[in-house]
Amino acid sequence: MLSIAIAGKPNAGKSTFFKAATLADVQIANYPFTTVDANKGVGYVRVKCPCIELEARCGRCVEGIRYIPVELIDVAGLVPDAHKGRGLGNEFLDNLRQAQAIIHVVDASGGTDIEGNPVGIGDHDPLDDVKFLEHEITMWIAGILKRNWDRLSKKASAEGVKIEDLILNQLRGVGVDELEVKRALHNAKVDLDTPTQWSDDELVTVADWIRRESKPLLIVANKMDIAPEDNIKRLMELDYIVVPTSAEAELALRMASKHELISYLSGDSEFSIKVDGLKPAQKKGLLKIQALLKDFKSTGVQDAINRVVFELLDNITVFPVEDENKFADSNGSVLPDAFLMKRGGTSHDLAYMVHTDIGNGFLYAVDARSKMRLSEKHELEDGDIVKIVAVKR
Ligand SMILES: Nc1nc2c(ncn2[C@@H]2O[C@H](COP(=O)(O)OP(=O)(O)O)[C@@H](O)[C@H]2O)c(=O)[nH]1
Ligand SMILES: [Mg+2]
């Protein structure tokens, strides 16, 4: 499953975001999962379910809105120079290794200083938080890259080991792949023939590019409900995907929905009250959120997760089926699965995602809508419904 780390300084709202995003309606959470770690949970991307245009209904979506699980990790709060400290290290790295991307939760209200201590609203500039987090992560990676670098790079040179293999081996704990290392080395513009002579600065530059290539980052401008407008505006002007959010509002809406006080699906731009006789405080809270939704279109939480998956990581959604006429599996269950895959993935890649045996025995695929045969190299498109034909073994 795709994994996203939720990172930032203390008190930015990471845990609130995590709680909101992982609190799923029973209707949505029809996937069996067991929680292993307290800070890991299942969140969802929201997509259009193709069953809405078909004769049959899938029973897995709510009026054509389907949620696909992704893993979310609530990472411990990072403070400046955390990379120099101990204790937090292993846990942080472990979380980072598993993540394909990072949601950086920034307190856009400016009501907490760089270490997360409360200050007056607007007293701290949230733009300062953006650079600091990247610097911390880069320095974590650099610290690992530099370990015994003199000795290891000399040994590698002497033995003719490729530079990307040396780095891959060195950074096994960070979770990077060969393509990411190659791209990073290219971008860092270091001399690939003389790694033994790289300066400290050059090693940091390499580490920084490895971070950018392997842990891309989306910024959430959280606490938009109390943030000065100018802070949101300046954050939005940064060269990142920036999504204003109110994690607190999303959490309140999901709780209210869970208790059947309101009708609300995560990502909706409005909700309706289902019951009479709400307590005045509840009513007041909901009216405030309603006004917020008018201004910002949504709480932003769903939007942030969707944009990480579909924009930052460039994924598409595909629906494998066994019966292309009924758009179903062998039991007649319509559109039983929805898979996220990198854009550019082929029908053969999808076969492997369904099962290794299906991948190995792949013969051809069929586009269930057009009934056209697809070769193994056919690149799938967002929303495709695909039957795979494989040799039975
Ligand atoms: N106004 C407002 N407060 C928020 C929002 N999200 C979180 N908070 C508050 O910020 C404080 C820190 O939140 P928490 O999730 O524990 O932060 P963490 O340390 O980053 O995990 C708590 O008092 C939250 O209620 C939000 O969207 N708006
Ligand atoms: Mg927390």
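Trainee: Before we start, what should I know about the numbering and the cut-offs here?

Mentor: Residues are numbered from 1 along each chain as its sequence is written, and chains are lettered from A and ligands numbered from 1 in the order in which they are written. Because this is a predicted model, local features need pLDDT of at least 70 and side-chain atom pairs count only at pLDDT 80 or more, while totals for chains, interfaces and linings use all residues; side-chain values use heavy atoms, with hydrogens and water left out.

Trainee: Okay, how many helices and strands does the protein have?

Mentor: There are 13 helices and 13 strands, where helices (H or I, at least four residues) and strands (E, at least two) are DSSP runs numbered from the N terminus.

Trainee: What share of the residues counts as buried?

Mentor: Of the 393 residues, 51% count as buried, meaning under 20% relative accessible area, with exposed being over 50% and partly exposed in between (1.4 Å probe, protein chains only).

Trainee: Let's zoom in on H4, then: which of its residues are buried, and which are exposed?

Mentor: In helix H4, residues 149–159, the buried ones are Trp149, Ser153 and Ala156. Seen down the helix axis, the buried residues of H4 fall within an arc of 60 degrees, so they line one face of the helix, the arc being that of the directions from the axis to the C-beta atoms. On the other side of H4, Asp150, Arg151, Lys154, Ala158 and Glu159 are exposed.

Trainee: What covers that buried face?

Mentor: The cover includes helix H3 (127–146), helix H5 (163–170) and helix H7 (200–214). Just after H4, Gly160 takes a positive phi of about 70 degrees.

Trainee: Which residues other than glycine have a positive phi?

Mentor: Among them is Asn11, with phi near 70 degrees, placed in the loop between strand E1 (3–7) and helix H1 (14–22). Another is Glu63, with a positive phi of about 45 degrees, in the loop between strand E2 (40–48) and strand E3 (65–74).

Trainee: Is Glu63 buried or exposed?

Mentor: Glu63 counts as exposed, at 72% relative accessibility. Glu324, in the loop between strand E9 (315–321) and strand E10 (339–342), is buried, with a relative accessible area of 18%.

Trainee: What does Glu324 touch?

Mentor: Not counting residues up to four places away in sequence, Glu324 touches Val366, Ala368, Lys371 and Lys387, where contact means heavy atoms within 4.5 Å. Glu324 and Ala365 are 41 residues apart in sequence and 10 Å apart in space, C-alpha to C-alpha.
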